[in-house]
Amino acid sequence: PYYNACAPKPQVGRRPFARKIEGAAGSADIIIVYFRGLSNVTGSEKATCFSRPFRISLLRRPSACLRRVSEKEKQEVCCVDNRPIGVFDSGLGGLTAVRELQRLLPGEDIIYFGDTARVPYGGRSRDTLVRYARQDVAFLRTFDLKAIVIACGTVSTTALDVLTEENDIPIWGVVEPAAEAAARSTKNGLVGLIGTQATIRSGAYERRIAAEAPGVRVLSRAC
């Protein structure tokens, strides 16, 4: 289903529509896909709501969220936040992250943004990537999101620190979970890394893997 951002309320079943953000160049359209979650949660499932006191729990087990905050914080937290989660990538590859989010959090609404007008991101300079990332996040935030997942490795390695500093909602990238999984899974102390030029240039995966498992060696190649 596609979300018609020109309509006042989410509508399911519409065709894709063309909508460009300021600064975007090229002839391709930007894709916004609205994924409707399940019916409103009740009872124990209210633990799936998210707020700043337990922002790090979005991609982890929801049932553990409320046990990690103080009684005072619990009183300040609204039980259910029905706002959607935003996910973005430079193209359509980030839909794999959407699929996993739907599996982990079936009750959540998700808005996906694919910047197909400016793909690929991988060969851009850091300044350009930070500018694109800021524009992407600003565009997504017009949908009143409660959190954003950067499903783009290039943006995650280059601009995540800037985005988290500038925004007051949780923003996650893909480097940390992927690097930690690789460090845990290697049998011979070697990890192969294939990424865009910007990703390899950043050294973000190498730093994270070294922090998780100092003895692991990373063999990286840009594609």
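This is a predicted model: local features need pLDDT of at least 70, side-chain atom pairs count only at pLDDT 80 or more; totals for chains, interfaces and linings use all residues.

Q: Which residues of helix α2 are buried?

A: Helix α2 covers residues 95-104, and its buried residues are Ala-97, Val-98 and Leu-101. Viewed down the axis of α2, these buried residues fall within an arc of 100°, so they line one face of the helix. The general idea is that an α-helix has 3.6 residues a turn, so residues three or four places apart point the same way.

Q: Which residues are buried in α7?

A: In α7 the buried residues are Ala-204, Tyr-205 and Ile-209. Looking down the axis of α7, they fall within an arc of 125°, so they too line one face of the helix. Arg-207 and Ala-211, on the other side of α7, are exposed. The cover over the buried residues of α7 includes α4, α5, β6, α6 (197-202) and β7 (217-222).

Q: How do α5 and α7 cross, and at roughly what angle?

A: Take the angle and the distance between the axes together. Helix α5 (residues 175-185) and helix α7 (residues 204-212) cross at roughly 50°, and their axes come within 9 Å. An angle of that kind makes α5 oblique to α7. The crossing of α5 and α7 is right-handed.

Q: Which residues make the contact between α5 and α7?

A: From α5 come Val-175, Glu-176, Ala-178, Ala-179, Glu-180, Ala-183 and Arg-184, and from α7 come Ala-204, Tyr-205, Arg-208, Ile-209 and Glu-212. Sorted by class, the residues of this contact of α5 with α7 are seven nonpolar, no polar and five charged.

Q: At what angle do α3 and α4 pack?

A: The angle between α3 and helix α4 (residues 153-166) is about 60°, with the axes 9 Å apart. That makes α3 oblique to α4. The crossing in which α3 passes α4 is right-handed. On the α3 side the contact is made by Arg-126, Leu-129, Val-130, Ala-133, Arg-134 and Val-137. On the α4 side it is made by Thr-154, Val-155, Thr-158, Ala-159, Asp-161, Val-162, Leu-163 and Glu-166. By class, the contact of α3 with α4 holds eight nonpolar, two polar and four charged residues.

Q: Is Val-130 buried or exposed?

A: Relative accessibility settles that. Val-130 lies in helix α3, and at 7% relative accessibility it counts as buried, because the cut-off for buried is under 20%. Leaving aside residues up to four places away in sequence, Val-130 touches Thr-158, Ala-159 and Val-162. The C-alpha atoms of Val-130 and Ala-159 are separated by 5.4 Å, although the two residues are 29 residues apart along the chain.

Q: What is the relative accessibility of Ile-194, and where does the residue lie?

A: Ile-194 lies in strand β6 (residues 190-195). At 70% relative accessibility, Ile-194 counts as exposed, because the cut-off for exposed is over 50%. Ile-194 touches Arg-221 and Cys-223, not counting residues up to four places away in sequence. C-alpha to C-alpha, Ile-194 and Cys-223 are 6.6 Å apart in space, while in sequence they are 29 residues apart.

Q: Which peptide bond is cis?

A: Read the omega angle. The bond from Val-119 to Pro-120 is cis, with omega near 0°. Pro-120 lies in the loop between β3 (110-114) and α3 (126-140).

Q: What is the phi of Asp-144?

A: Asp-144 is not a glycine, yet its phi is positive, at about 55°. The residue is found in the loop between α3 and β4 (147-150). At 46% relative accessibility, Asp-144 counts as partly exposed.

Q: How many helices and strands does the protein have?

A: The secondary structure comes to seven helices and seven strands. Along the sequence they follow the pattern β-α-β-α-β-α-β-α-β-α-β-α-α-β. The protein has 223 residues, of which 45% count as buried. Among contacts with a separation of 6 or more, 68% are accounted for by residues 24 or more positions apart.

Conventions. Residues are numbered from 1 along each chain as its sequence is written. Side-chain values use heavy atoms; hydrogens and water are left out. Helices (H or I, at least four residues) and strands (E, at least two) are DSSP runs, numbered from the N terminus. Buried means under 20% relative accessible area, exposed over 50%, partly exposed in between (1.4 Å probe, protein chains only). Axes are lines fitted to C-alpha atoms, for helices over the stretch in contact, and angles run from 0 to 180 degrees between N-to-C directions. Angles under 35 degrees count as roughly parallel, over 145 as roughly antiparallel, 65 to 115 as roughly perpendicular and the rest as oblique. A crossing is left-handed if the near helix is turned anticlockwise from the far one by less than a right angle, and right-handed if clockwise. Contact means heavy atoms within 4.5 Å. Ala, Val, Leu, Ile, Met, Phe, Trp, Tyr, Cys and Pro count as nonpolar, Asp, Glu, Lys and Arg as charged, and the others, Gly among them, as polar. The arc is that of the directions from the helix axis to the C-beta atoms.
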